[in-house]
Amino acid sequence: MSAQTDILPQPLPAPPAEDASATTPRIVPLRRTGQWAAAVAVLALLAAGLTSVVRNDAFQWDVVADHLTTASVLRGLGLTLWLTALVMALGFALGTLLAMGRLSGNPVLRAVSWGYIWLFRSTPILVQLLFWFNIGALYPQILGVDTVHLLGPIAVAVIGLTLHEAAYAAEVVRGGILSVERGQLEAAQSLGLGPWRRLRRIVLPQAMRAIVPPAGNMLIGTLKGTSIVSIIAVQDLLYSVQLVYHRTYQVIPLLLVATLWYVAVTSLLSVGQYYVERRYARGTADAR
């Protein structure tokens, strides 16, 4: 028995275990030396710029602090905000009608809407405001009404800015409506919904995802664009600080007062735009 056992083949010894670290390539992180160097350079330049602004006595930060919340500046800020809100509301109301005209099957409505948008987008807003400001020289009377003193500076600003913004709002609304799938409209039509009900219940809620981002940009642009009404003596924020520095000759610090208020308000509007976009993007990949 032992002889038979001795002649049986013996199992071969197991090969030595290979070192896994010797066969697996080592992952070396990519060195981004150029990017880090550029970031350091940009931060250094930014720090130097901020330091020069803060320490430069020519900015007169004490004067800025004194005038930042004066009654005249706050009144001008209030008029700027009121004018922005009114122009945006009226501009989008008229722009929605123009967008519907562009999408209408009636060739006359399409042509008139297209012509309005083409005209008001082709002329500078300053030229439009000056035309409305001098409307009395063009038409001294309209339907027996004296127009020379009919429109004051604020009325001219509202009319001019509204007509200008409506042309851009029309294209924003039209683009949002065109972003809605055609099948949604066909389904609503098959349910017997009328055109206005389809627009209000089906189209606009879905189109808002495409309308809100450019509308938010238009709102911020309108806020800053209202400064142009100072050319017709509307006492907005810019005109209010101009009245002060024409008297005190402190141009730079008063311009900084207006700048700081514009930056503060536009920052708040940007935050609001972010949350409105999130609300209308719920349920989509863009909801973040």
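**Entry 1: T222**

I began with T222 and listed its contacts (heavy atoms within 4.5 Å), leaving aside neighbours within four places in sequence, and I found T84, V87, M88 and E165. T222 lies in helix α11, and I took helices as DSSP runs of H or I with at least four residues and strands as runs of E with at least two, numbered from the N terminus. I noted T222 as buried because its relative accessibility is 3%; buried means under 20% relative accessible area, exposed means over 50%, and partly exposed is in between, with a 1.4 Å probe and protein chains only.

**Entry 2: what I am reading**

I reminded myself that this is a predicted model, in which local features need pLDDT of at least 70 and side-chain atom pairs count only at pLDDT 80 or more, while totals for chains, interfaces and linings use all residues. Residues are numbered from 1 along each chain as its sequence is written, and side-chain values use heavy atoms, with hydrogens and water left out.

**Entry 3: the chain as a whole**

I recorded 13 helices and 2 strands in the protein chain, and I noted that buried residues make up 30% of its 288 residues. When I looked at contacts between residues at least 6 apart in sequence, 74% of them joined residues at least 24 apart.

**Entry 4: W61**

I then looked up W61, which is in helix α4 and counts as partly exposed because its relative accessible area is 32%. Not counting residues up to four places away in sequence, W61 touches V53, V54, N56 and L256. W61 and L256 are 195 residues apart along the chain, yet I read a separation of 8.8 Å between their C-alpha atoms.

**Entry 5: helices α12 and α13**

How do the axes of α12 and α13 cross? The axes of α12 (residues 237-248) and α13 (residues 251-280) come within 9 Å and cross at roughly 160 degrees, so α12 is roughly antiparallel to α13. I used axes fitted to C-alpha atoms over the stretch in contact, with angles running from 0 to 180 degrees between N-to-C directions, and angles over 145 degrees count as roughly antiparallel. On the α12 side I listed L237, L238, V241, V244 and Y245, which meet V251, L254, L255, V257, A258, W261 and Y262 in α13. By class, this contact has 12 nonpolar residues, no polar ones and no charged ones, where nonpolar covers Ala, Val, Leu, Ile, Met, Phe, Trp, Tyr, Cys and Pro.

**Entry 6: the nonpolar cores**

A nonpolar core is a set of buried Ala, Val, Leu, Ile, Met, Phe, Trp, Tyr and Cys residues joined through side-chain atoms within 4.5 Å. The largest core has 16 residues, and V73, L237, V241, L254, V257, A258 and Y262 touch the most other members. Two or more residues come from each of α4 (61-67), α5 (71-102), α12 and α13, and α13 gives the most, with 6 residues. Apart from this core I noted another, of 14 residues, among them A169, V180, A207 and I211.

**Entry 7: two positive phi angles**

Most residues other than glycine have a negative phi, so I wrote down two exceptions. A233, in the loop between α11 (195-225) and α12, has a positive phi of about 70 degrees and counts as partly exposed at 40% relative accessibility. Y249, in the loop between α12 and α13, has a positive phi of about 65 degrees and counts as exposed at 69% relative accessibility.

Definitions and conventions
Parallel < 35°, antiparallel > 145°, perpendicular 65-115°, else oblique.
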